Amino acid sequence: MSDRLRLNPIACQAHGMCAELLPERITLDEWGYPLIEDERVPHTLIVHARRAAQACPTFALLLERDRRRD
Amino acid sequence: MSRATPALGRAAGRAVDSGLPRLLAGVDGHGGMSLREHLATHGELPGERSHRRREAPLIELLEHAGLRGRGGAGFPTAKKLRAVASARRRAIVVINAAEGEPASLKDRTLCELTPHLMLDGGQLAAQAVGADELIVCVGESSPDSLDSVAEAIAERRGLPGAPARVHLSVVPSGYLAGQESALVSHLNGGPAIPRFTPPMPFEQGVRRRPTLVSNAETLAHIALIARHGSAWFRVLGVGSQPGSALLTLSGAVADPGVYEIEHGASLASVVAAAGGASGRVRAALVGGYAGTWIDGGLLNGVALSDEHLAPHGAALGAGVVVLLSAHACPVAETVRVASWLAEQGAGQCGPCLNGLNALAATLEQLLQGAAQGNSVRRIERLASLTRGRGACGHPDGAVRFVLSAVRVFSEEFADHARHGPCDACARPAELALPVDPRAGRLRGDPVPVA
């Protein structure tokens, strides 16, 4: 069990807070929209990932409990 | 207003005595089949057998039949029914005949020529998932389908086993309007554009109820499987894709239209049944406008099933094949369709909106010979930036179409990048496109509807 990042692309307005707060997982494309390299969030990053999700002004970045097995 | 003609539906692929037509049995030139004609052709609909089992027998039957959805995604139908049936709230069944794909006419054909088949299927599916409401969704640009379905619904009032409520919903035109979550959004009073999922419609759909959204052809097959059984269904087709399918064949062919084929039939046999190709064929677009080009030189070996098409990177999708003649400019055709696909996006997801517009602009510059730098490399980079980043599959389909064009027409693309437009660029379009999604008219050389 680990946590997983999920993006709602409809809600995302390219504010870019996520890439600022979680550069280990998120970079921005040429239009400012997030690219998530790896959705899995290890325990070491969980605090940063939670902060990134909470900082998103449109609540587009979701941190979800993974129901699948890694 | 055009009338359905016999040219709309025919059997092809194999001789009639080998089991075709199935869906198009009894269809003739006199317009839609009445309920009486329908029952005389296909037999009575098997009644709702009371069962004590946890699951309706139909679901197991569909599992054995190996029926997969015919709207394009090919999801196993039994699995979808099972998901809806196991939800804890009263379900709703939606027949999807919105058919936003410009090169597809099969759902319209079913609506106009044999509407009771899909309504039978809708009724059976409603019984199997415990729904008392059936909604039939038809695109506003096909008034004949709307008339035919409305008449058929009226004829079925009081039919044993019919759902308590059956209504018809007019879906606005548009490429994405028939997408599952878009249809649910429309039925909930919102715009007909895709939604962020999950929750999937089978979990939370129309009025937050578990909703089975199923393609018109899928339900028509259910009507026949319930009558004749799963073994009968599997007599035709290939192991991974049993049964027959409706195929809309258009473009450089003598007799374009909707044909019922056996999965795995050779493309050559279907083209022959349609009177042969009209002139030399440069390539075939398989699966629809979000599909894959296959080079004309390879077409003789092509068989129409997903396992046969996979080596070409293609899939049947909703059953579409367009033959592009050797007179057409494949680059100009690709640019037109790519721009149209970019316009048809819902404009909700940034990567899709930006990516498809940038792709269309790059293709246009390449066509004009005005591109700077290596535009094919730019196209490939944009494609990888766009793919998989939307709420729905639209960017993935558009990217697939563009990349396969760049691959199959690599010489023509290189030629245009160097020298600009060719003589054939000015020819009328062979890939027909709706001019205005709300007008429902076609530009270019339209696929003949009637």
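A nonpolar core is here a set of buried Ala, Val, Leu, Ile, Met, Phe, Trp, Tyr and Cys residues joined through C-beta atoms within 7 Å, where buried requires 20 or more other C-beta atoms, placed from the backbone, within 10 Å of a residue's own. This is a predicted model, in which local features need pLDDT of at least 70 and side-chain atom pairs count only at pLDDT 80 or more, while totals for chains, interfaces and linings use all residues. Residues are numbered from 1 along each chain as its sequence is written, with chains lettered from A and ligands numbered from 1 in the order in which they are written.

Select Val94(B), Val129(B), Val270(B) and Ala338(B), which touch the most other members of the largest nonpolar core, a set of 142 residues. Apart from this core lies another of 16 residues, including Ile26(A) and Cys56(A).

Next, colour chain B by domain, with bounds from an automatic or database domain assignment: domain 1 (6-12 + 32-234), domain 2 (239-324) and domain 3 (330-426). The centres of domain 1 and domain 2 of chain B, taken over C-alpha atoms, are 25 Å apart. Their contact (C-beta atoms, placed from the backbone, within 7 Å) takes 25 residues from domain 1 of chain B and 23 residues from domain 2 of chain B.

Finally, show both chains and select where they meet, a contact that takes 10 residues from chain B and 8 residues from chain A. On the side of chain B that touches chain A, the largest share, 3 residues, comes from helix H13 (residues 350-367) of chain B, helices being DSSP runs of H or I, at least four residues, numbered from the N terminus.

Definitions and conventions
Contact = placed C-beta atoms within 7 Å. Helix = DSSP H or I, 4+ residues; strand = E, 2+ residues; numbered from the N terminus. Buried ≥ 20, exposed ≤ 12 C-beta atoms within 10 Å, placed from the backbone.
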